[in-house]
Amino acid sequence: GDTWMIVLRPSTAIEFWVNGIQLDTDGRFPPDCFIESGKSTIFRIPEGLIPPGTTPEIRFRMYSDGGTTKVPHFQASADPMEINVYQLLNWLSIDIYRYFSVLSFFIFAFFLVQFIQRRTELTNLFFSLFNLFIAVYYLGLGNAPLGLPFGISVGLTRGCLFLAVSAMVMF
């Protein structure tokens with residue numbers, strides 16, 4: 001059957017090559033860089049690509065954004081159940097942040113309406129701003145492309161965490 005190469009939570013864009021053939025890419029390389037950190041990448045090596053009794057030449061091309069890159073852990077597997085477990089973990093670590101983002105946005109909208117109805121209650125304003133900033137932060141953790149260059153997108157989401165804490169202090 002097929003063999004799978006699992007790259008555990010890379011923080012880089014990766015190209016995967018076997019015996020001189022590029023099989024897949026995860027993320028995007030510059031100039032339009034996009035890296036989905038936080039999830040494991042699963043590459044499929046089709047049956048028959050590696051002749052029996054030979055040692056495959058496996059190469060990875062990775063992009064570093066200048067200091068936050070760690071060398072990821074690589075693991076080969078032929079067990080479909082193990083692949084399913086990693087896909088579930090990817091869902092738990094990435095998609096769930098998108099759901100938290102949507103939930104935080106609805107909380108933001110609710111408390112903003114509360115503030116608009118009673119403008120004297122500033123706590124509703126600060127709590128709504130907290131939830132707006134947390135929603136953007138979670139959106140970044142869920143690796144949703146914000147339509148911005150990678151560095152600006154990362155800076156924006158990290159800045160929103162600071163702003164969320166600042167709004168919560170005012171709350």
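Me: What makes you trust the chain, and how does its pLDDT come out?
Reply: This is a predicted model, so confidence is scored per residue from 0 to 100. The chain averages a pLDDT of 79, and 82% of the residues score at least 70. Among the elements, helix α2 (residues 122–141) has the highest mean, 88, while strand β6 (residues 73–77) has the lowest, 73.

Me: How many helices and strands are there, and in what pattern?
Reply: You get three helices and six strands. Walk along the sequence and the pattern reads β-β-β-β-β-β-α-α-α.

Me: Why is Ser101 called buried?
Reply: Buried means under 20% relative accessible area. Ser101 has 8%, so the word buried applies. Ser101 lies in helix α1 (residues 80–117) and touches Ala135, Tyr138 and Leu139, leaving aside residues up to four places away in sequence.

Me: And why is Ile58 called partly exposed?
Reply: Its relative accessible area is 31%. The partly exposed class sits between the 20% cut-off for buried and the 50% cut-off for exposed, so Ile58 belongs there. Ile58 is found in strand β5 (residues 58–63).

Me: What does Ile58 touch?
Reply: Not counting residues up to four places away in sequence, Ile58 touches Met5, Phe16, Trp17 and Val18. Take Val18: Ile58 is 40 residues from Val18 in sequence, yet their C-alpha atoms are 4.6 Å apart in space.

Me: What makes a group of residues a nonpolar core, and which is the largest here?
Reply: The members have to be buried nonpolar residues joined through side-chain atoms within 4.5 Å. The largest such core has eight residues: Met5, Val7, Ile14, Phe16, Val18, Phe43, Ile45 and Leu49. As a general point, nonpolar side chains tend to be buried together in soluble globular proteins.

Me: Which residues does Ile45 touch?
Reply: Skipping residues up to four places away in sequence, Ile45 touches Asp2, Thr3, Phe16, Val18, Leu23 and Ile50.

Me: How do you know that β2 and β3 pair?
Reply: Pairing takes at least two bridges between the strands. β2 and strand β3 (residues 21–26) have five, in the antiparallel sense, so they pass. Trp17, for instance, has Gln22 in β3 as its bridge partner. Their hairpin has two residues between the strands, and Asn19 takes a positive phi near 50° there.

Me: What makes the span of α2 close to the expected one?
Reply: α2 has 20 residues, and 28 Å is expected at 1.5 Å a residue. From first C-alpha to last, α2 reaches 29 Å, close to that value. Its buried residues include Leu125, Phe126, Phe130, Phe133 and Ile134.

Me: What share of the contacts join residues at least 24 apart?
Reply: That's 72%, taken among contacts between residues at least 6 apart in sequence.

Notes:
Residues are numbered from 1 along each chain as its sequence is written. This is a predicted model: local features need pLDDT of at least 70, side-chain atom pairs count only at pLDDT 80 or more; totals for chains, interfaces and linings use all residues. Side-chain values use heavy atoms; hydrogens and water are left out. Helices (H or I, at least four residues) and strands (E, at least two) are DSSP runs, numbered from the N terminus. Contact means heavy atoms within 4.5 Å. pLDDT is the predictor's confidence in each residue, from 0 to 100. Buried means under 20% relative accessible area, exposed over 50%, partly exposed in between (1.4 Å probe, protein chains only). The expected span of a helix is 1.5 Å times one less than its number of residues.
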